[in-house]
Amino acid sequence: MARRAAIVAVAQTSFERDKWYQRMQGMAWEVVKPMIDSTGLDFSEERGIGQVVTTSDDIFDARTISDNAMTDVIGAHYRCEEKVSQDGAQAVYYALASVLSGHQDLVMVVGHCKESQAKSRNMVTHLVFDPFFTRPVGLDHLAAEGIQARAYMDASGVSAEQLAQLVVRSRKNAQLNPSIKDLPEVNVEQVLQSPMLADPIRELMTYPVSDGAIGLIIAAEERVPEITDKPVWISGVGNCMDSFFLGERDLVGCFQLGKAAQKAYSMAGVSDPLSQVDLFEISDRHAYMLPQWAEGLGLCPQGAAAWLAAGGPDALNVNLSGGLLAGQPMILGGLARVAECTLQLRGEAGQRQVADAKRAVAHGITGPAGQMQTVVVLEG
């Protein structure tokens with residue numbers, strides 16, 4: 001029988017616009033300590049945590065190989081540490097592979113980011129483009145995603161007013177999420193009158209600059225009973241990457257998310273996500289991404305305008321946490337989605353709890369315009 005793995009501990013800091021009072025090591029310790037305290041685990045050679053997978057970005061951390069600065073905080077001076085400089089859902093995938101392959105029984109995942117340290121997020125994401133063809137024309141994530149947003153809205157019929165309503169919904173849901181700080185509710189008019197950043201993306205249609213950290217511990221099935229009576233099993237994972245150059249991609253169709261979802265659903269035995277999944281957490285870095293990624297996950301047909309008008313996100317319990325749009329660091333978007341699903345499946349989501357939640361889907365993206373997509377299926 002194949003090995004199984006479960007999330008046995010989860011912790012996250014608050015997410016704020018500027019944690020000026022805290023260094024990145026302090027944020028990481030804020031999630032590592034409660035996980036160690038609540039599980040009683042350590043880093044001993046025989047029975048302790050054998051591996052740490054970190055998620056961070058050298059540019060946001062303003063130093064090369066920035067995970068070197070985290071070793072003593074995360075226990076990496078005792079055991080191996082490996083870094084995933086991508087969306088945090090990929091770190092979960094890496095840790096899961098270490099357990100399912102039999103290399104480790106216990107793996108800790110820790111992600112951190114202080115977006116507020118950079119003068120501009122656009123200057124950071126500009127560096128992901130190649131220096132010869134696409135940097136000289138000024139591309140960054142925001143510019144690339146403005147192109148995608150326009151193409152998607154034209155093809156799908158989704159209007160600016162519908163996107164504004166998604167922002168209003170996100171901010172309202174975020175009021176029930178105690179990890180989200182400093183993010184007031186807004187109305188449709190405020191969204192539509194906010195400054196234009198990259199047509200058609202307006203300032204309030206994109207996620208705010210955010211600082212914070214998240215941690216998880218993933219355990220092999222035979223170790224779970226000694227650690228927790230509320231494990232959350234990772235029953236399916238899938239990822240897929242599209243071409244690097246925007247000109248080679250179909251920015252509307254998003255085949256890579258369909259492939260990633262197909263892999264994850266198949267592994268978890270999900271044939272109909274609409275009836276077999278209780279909630280979805282989608283990485284909506286901008287408002288237009290929620291309906292576009294919902295199409296890719298199979299939650300609605302292509303052309304999501306009617307789905308939005310019919311209240312599709314509420315009917316399927318999509319992003320009850322507020323989503324990425326409510327403010328987590330970009331690189332932690334997928335990890336935050338996994339953490340939220342874990343809280344829901346453990347019955348610890350407070351006022352936003354989905355009654356009798358048994359199965360959830362978490363989603364993460366890496367790269368410009370959703371170049372790489374990751375899907376994780378979790379079960380309580």
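How many of the residues of helix α11 are buried? Eight of its eight residues, 289–296, are buried, and the helix is mostly covered. Buried here means under 20% relative accessible area, exposed means over 50%, and partly exposed lies in between, with a 1.4 Å probe and protein chains only. Helices are DSSP runs of H or I with at least four residues, strands are E runs of at least two, and both are numbered from the N terminus. The buried residues of α11 include Met289, Trp293 and Glu295. Just after α11, Gly298 takes a positive phi of about 85°.

A word on the source. This is a predicted model, in which local features need pLDDT of at least 70 and side-chain atom pairs count only at pLDDT 80 or more, while totals for chains, interfaces and linings use all residues. Residues are numbered from 1 along each chain as its sequence is written, and side-chain values use heavy atoms, with hydrogens and water left out.

Let me turn to the chain as a whole. The protein chain contains 14 helices and eleven strands. Its C-alpha trace spans about 55 × 45 × 40 Å along the principal axes. Of the 380 residues, 62% are buried. Contact means heavy atoms within 4.5 Å. Among contacts between residues at least 6 apart in sequence, 77% join residues at least 24 apart.

Leu320 sits in the loop between α13 (312–315) and α14 (333–345), and at 17% relative accessibility Leu320 counts as buried. Leaving aside residues up to four places away in sequence, Leu320 touches Arg169, Asn173, Glu281, Arg352 and Val354.

Next, the backbone. Most residues other than glycine have a negative phi, and most peptide bonds are trans. Which residues depart from this pattern? Asp182 has a positive phi, near 60°, and lies in the loop between α7 (160–174) and α8 (188–193). Ala369 also has a positive phi, of about 55°, and is found in the loop between β10 (359–366) and β11 (372–379). As for peptide bonds, a cis bond joins Asp199 and Pro200, with omega about 10°. Pro200 belongs to the loop between β5 (196–198) and β6 (201–202).

Finally, the cysteines. How many disulfides does the structure hold? The number is zero, a disulfide being a pair of cysteine sulfur atoms within 2.5 Å. Cys254 is in no disulfide, and the nearest cysteine sulfur, that of Cys240, is 9.1 Å away. Cys254 is buried at 5% relative accessibility, and Cys113 is buried with a relative accessible area of 1%.

Thank you for your attention.
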